[in-house]
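The sequence and structure come next.

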Amino acid sequence: MGSNYDDNVTFTDYTLGQEQLERIEHVLSEDLVRSGVHSVLLIDMAGNIIAKCDNGNCDHDLYSLAALASANFAAVDTMAKIVGEEEFSLLFHKGQSESIHFSKVNNEFLLITIFGKEVSLGLLRLKVTEAVEKINSVW
Amino acid sequence: MAFVNMKTKEVQAKIVYYGPGRGGKTTNLEYIYSKFRDRIKSDMVSIKTHGDRTLFFDFLPFDIGKIMGYDVKVQLYTVPGQVKYDATRRLVLKGVDGMVFVGDSQVEQRKKNILSLKNLQENLASYKKSIFKVPLVLQYNKRDLEKEGVPLLPVETLEKDLNSQLKVPSFSASAVTGENVVPTMKKIISLTMTSLQNVMK
C-alpha cells in the first residue's frame, strides 16, 4: 500500500485541550449568544460537535443537526467546485422564525449559527466573522 | 476521526454502513432503532428519494454508556448504495472511525458486492485511509431468503470473494428479522473503541 496512506486512521489531526475549549465556548457565548443568537455550534467536517452554546431556550436535536449541517456544507462545497468556484461564500437558510447560517472556520471546522428575526443578517455576519477570527487564534 | 472532548469527557465516533444498493444498510439501522428505542433520544434521520431509496445518508446517534470514564456517543451512518451516488457516498465517509460492509447474499448480487467493496477501498483511499487499517466488519445479509427458495451464495464463497485478503470478523445475518444485526454492531463498536483507546488513556 505504501506511504500514500496515513497510518493513524482513527484519530484527529487536531487536538483541543480543556483550556482551548473553554476559550472557544467563551467566544460563542460572549460574541454570538449575547448578540441575540439562539444557538451556536462549532462542528468538524465529519459532523462531530466540538463546542456548543445556546440561550437556554433551544430544544433542537443538535447531534442530528450537526450531521446534516456538515453533509450539507460538503455537498454545497462540491457543487461549487463543479461550477468552477473555489467556494460559495454565503451559506444561509432563511425560515419564518428561525434561520441558519454556516461559516467555514478553517479546513476542519464549521460554525453553525441559529438565529431569529430579531437579529439582522448583516449584524450576524459581522459577529460571525469576528468570532471566526477569535476561534482561529485559539490554536 | 473521532472527537474526544476532554472537558465534558465525551467521545463521538462515526461508524458507516457501506455496501451495494438494496443490500439492507438502512434496514440494519431501522432494526437497531426499533430495538433500542428507549436508549436513543433523537429520531433516526433519513434523506431518501420518493421511491424510498437512500439519497444521501441515514443517521442514528446512539449513547453506548461510559468507557474508561468517557461518555461514548456512536453515530451510525449509512451511505446510498446505488452506483450513481458515488459523490455523496464519499462525503459520508469523511472522518469515519469504523465500517460495516453489508453484502447481499443473493447469487445474482455477487458481482455488485465485489464492486462495492472495491469502491469502498477507493473512496477510503481518497481520504488517505487504507481499507486494511480501518476497523471493519463484514455482514452477509439476507440469509433468511434461503427459506423462501431464493438462491444464495454459500458463506464460504462470500468469504472468498470479500474477506480472503481483509480477514476481518464476519457475520451471517438477516436485517429484516434482526438476526445478527446487534452482534454486528457490537463487534464494530468494540473494534472502533479498541482503536481509539490509545487516545482515551
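## Terms and model

A residue is called buried if 20 or more other C-beta atoms lie within 10 Å of its own, exposed if 12 or fewer do, and partly exposed in between, with C-beta atoms placed from the backbone. Helices (H or I, at least four residues) and strands (E, at least two) are DSSP runs, numbered from the N terminus.

This is a predicted model, in which local features need pLDDT of at least 70 and side-chain atom pairs count only at pLDDT 80 or more, while totals for chains, interfaces and linings use all residues. Residues are numbered from 1 along each chain as its sequence is written, and chains are lettered from A and ligands numbered from 1 in the order in which they are written.

## Strand β1 of chain A

In chain A, strand β1 (residues 39-44) is mostly covered, with 6 of its 6 residues buried. Both of its faces are covered. One side carries Ser39(A), Leu41(A) and Ile43(A), and the other Val40(A), Leu42(A) and Asp44(A).

Two strands count as paired if DSSP finds at least two bridges between them. β1(A) pairs with strand β2 (residues 49-54) of chain A, antiparallel, over 5 bridges. Across this pairing, Val40(A) stands opposite Cys53(A) of β2(A). The two strands form a hairpin with 4 residues between them, and Gly47(A) in the turn has a positive phi of about 95°. β1(A) also runs antiparallel to strand β5 (residues 109-115) of chain A, joined to it by 6 bridges. There, Asp44(A) has Phe109(A) of β5(A) as its bridge partner.

## Fold of chain B

Chain B has 5 helices and 8 strands. From the N terminus, their order is β-β-α-β-β-β-α-β-α-β-α-β-α. The radius of gyration of chain B, taken over C-alpha atoms, is 16 Å, close to the 17 Å from the globule rule (2.2 Å times the number of residues to the power 0.38) for 201 residues, so the chain is as compact as a globular protein of that length.

The C-alpha atoms of chain B fill a box of roughly 55 × 35 × 30 Å along the principal axes. Of its 201 residues, 48% count as buried.

## Contact between the chains

With contact meaning C-beta atoms, placed from the backbone, within 7 Å, 31 residues of chain B touch 29 residues of chain A. On the chain B side, the elements giving two or more residues are β1 (3-5), β2 (10-18), β4 (54-67), α2 (86-92) and α5 (181-200).

Key. Two residues are in contact if their C-beta atoms, placed from the backbone, lie within 7 Å.
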